[in-house]
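Hi there,

Here is the structure I promised to pass on. Please open it beside this email and follow along as you read.

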Amino acid sequence: MRIIRPVVYLILILVGAFLLFLLYATADDYRPDEVTLQSTECEPDIISDSCLINMVIWNIGYAGLDASMDFFYDGGERMRPDKEGVIRNMEGITLTLEPYHDFDFIMLQEVDRNSKRSYHLNEFQTIKDQFQGYYSSFGMNYDVGFVPIPVTEPMGKVESGLMTLSKQCPDCVDRHSFPGNYSWPIKLFMLDRCFLVNRYTVSNNRELLIINTHNSAYDDGSLRTQQMTYLRDYLLSEYKKGNYVIVGGDWNQTPFGLKPELPFHHFDTENLTYVEKDFPAPGWKWSFDASLPTNRRVATPFNRSSSPTTVIDCFLASPNVELKEVKTIDLNFQYSDHHPVQLKARLSINH
């Protein structure tokens, strides 16, 4: 009895502490509105109805998922490299972004502002300072006070999201919450997925919508289905108004019809989730570079000949947008588990 009683007390204390932690996490849970309007605080620009648009998308992986990393969510063991590695990756990311100073739009995902996993570096501010003169918007999709996994080195505090840099000042910026989430208590420690909309007036009195998205991963497909249904309704309603729409980002899905031609990479054919045919409706156009992967599986450090890769970072445009050229930038996944993808497009005056 003398031995059992202290053990029982210890178990009760641990269970009580865990319940208190869940109570705190529930009270602290980030619950954004379905639509959150951001103030622009600049004089909106008017976009020409025949302008050529240059843009780039890139999931920078919080500067923590370079080629040397494995990641616990993908079957690896680690959560982050050492601080010098994150700093080195961030320097590489800003160096990679430098040539895009003349681009109209830069859409980034997994940009940390104050997270343990990136040693509390303000990556958003670093990139914003790099692109002075650009309008920058931010859509929070991960705001958790303490993520308790992996147990050996908890992720801890995470504050991260989508970042859109725009050469032109938008009329407005909206953060749209995707529907669906994991069940309690898992949802307390997961991302609150969203897409970020920059809206511009076009010279023909229509509007151009530039949408930055980061859809769900690590689910059984049900969350992605809800998100795509929500996004479909939104896109079709905007196009019905006569607006131009370009969506770019990390879809965590492979575009329908992709036939990869990756002679120097191992394409992952076992874990594909394809976007359904004709999403969101016939006439809408997907743009991707089938010659290079945009993402690698992070179960192990990157090996060009054997690491599974895929294409999940791409663009979608409404029928009144002409897609001119798309190109994936091959960085050998040196700074992130994703590659940047750039696009040239033009608004069509025939629609």
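Are Phe302 and Phe333 buried or exposed? Both Phe302 and Phe333 are buried, where buried means under 20% relative accessible area, exposed means over 50%, and partly exposed lies in between (1.4 Å probe, protein chains only).

Before the rest, a word on the source. This is a predicted model, in which local features need pLDDT of at least 70 and side-chain atom pairs count only at pLDDT 80 or more, while totals for chains, interfaces and linings use all residues. Residues are numbered from 1 along each chain as its sequence is written, and side-chain values use heavy atoms, with hydrogens and water left out.

Back to the rings. A pair of aromatic rings is described by the distance of the centres and the angle of the planes. Rings of Phe, Tyr and Trp (its six-membered ring) pair if their centres lie within 6.5 Å; planes under 30 degrees apart count as stacked, over 60 as edge-to-face and the rest as tilted. The structure holds 15 aromatic pairs. In one of them, the ring centres of Phe302 and Phe333 are 5.0 Å apart and the planes meet at 70°, so this pair is edge-to-face. The pair links distant parts of the chain, 31 residues apart: Phe302 is in the loop between strands E13 and E14, and Phe333 is in the loop between strands E16 and E17. Elsewhere, ring pairs join Phe178, Phe195, Tyr230 and Tyr234 into a cluster.

Next, have a look at strand E8, residues 194-202. Helices (H or I, at least four residues) and strands (E, at least two) are DSSP runs, numbered from the N terminus. Eight of the nine residues of E8 are buried, so the strand is largely enclosed by the rest of the structure.

Which strands pair with E8? Two strands pair if DSSP finds at least two bridges between them. Here are the partners:

- E2 (residues 46-47) pairs with E8 in the parallel sense over two bridges, and Ile46 has Thr201 as its bridge partner in E8.
- E7 (residues 172-177) pairs with E8 in the antiparallel sense over six bridges, and Asp174 has Val197 as its bridge partner in E8.
- E9 (residues 207-214) pairs with E8 in the antiparallel sense over seven bridges, and Thr201 has Glu207 as its bridge partner in E9.

E8 and E9 also form a hairpin with four residues between them, and Asn205 in the turn has a positive phi of about 75°.

Now for the cysteines. A disulfide is a covalent bond between the sulfur atoms of two cysteines; the search counts a pair of cysteine sulfur atoms within 2.5 Å. In the whole structure it finds one disulfide. Cys42 and Cys169 form it, with their sulfur atoms 1.8 Å apart. Cys42 lies in the loop between E1 and E2 and Cys169 in the loop between E6 and E7, so the pair ties together parts that are 127 residues apart in sequence. Cys42 counts as partly exposed at 29% relative accessibility, whereas Cys169 counts as buried at 6%.

Last stop: Arg224, in helix H4 (residues 222-240). Arg224 counts as buried, at 11% relative accessibility. A polar atom of its side chain lies 2.9 Å from the backbone oxygen of Asn252.

Happy exploring!

Methods:
A polar contact is a pair of N or O atoms within 3.5 Å; within protein, one must be able to donate a hydrogen and the other to accept it, and residues adjacent in sequence count only if both atoms are side-chain atoms.
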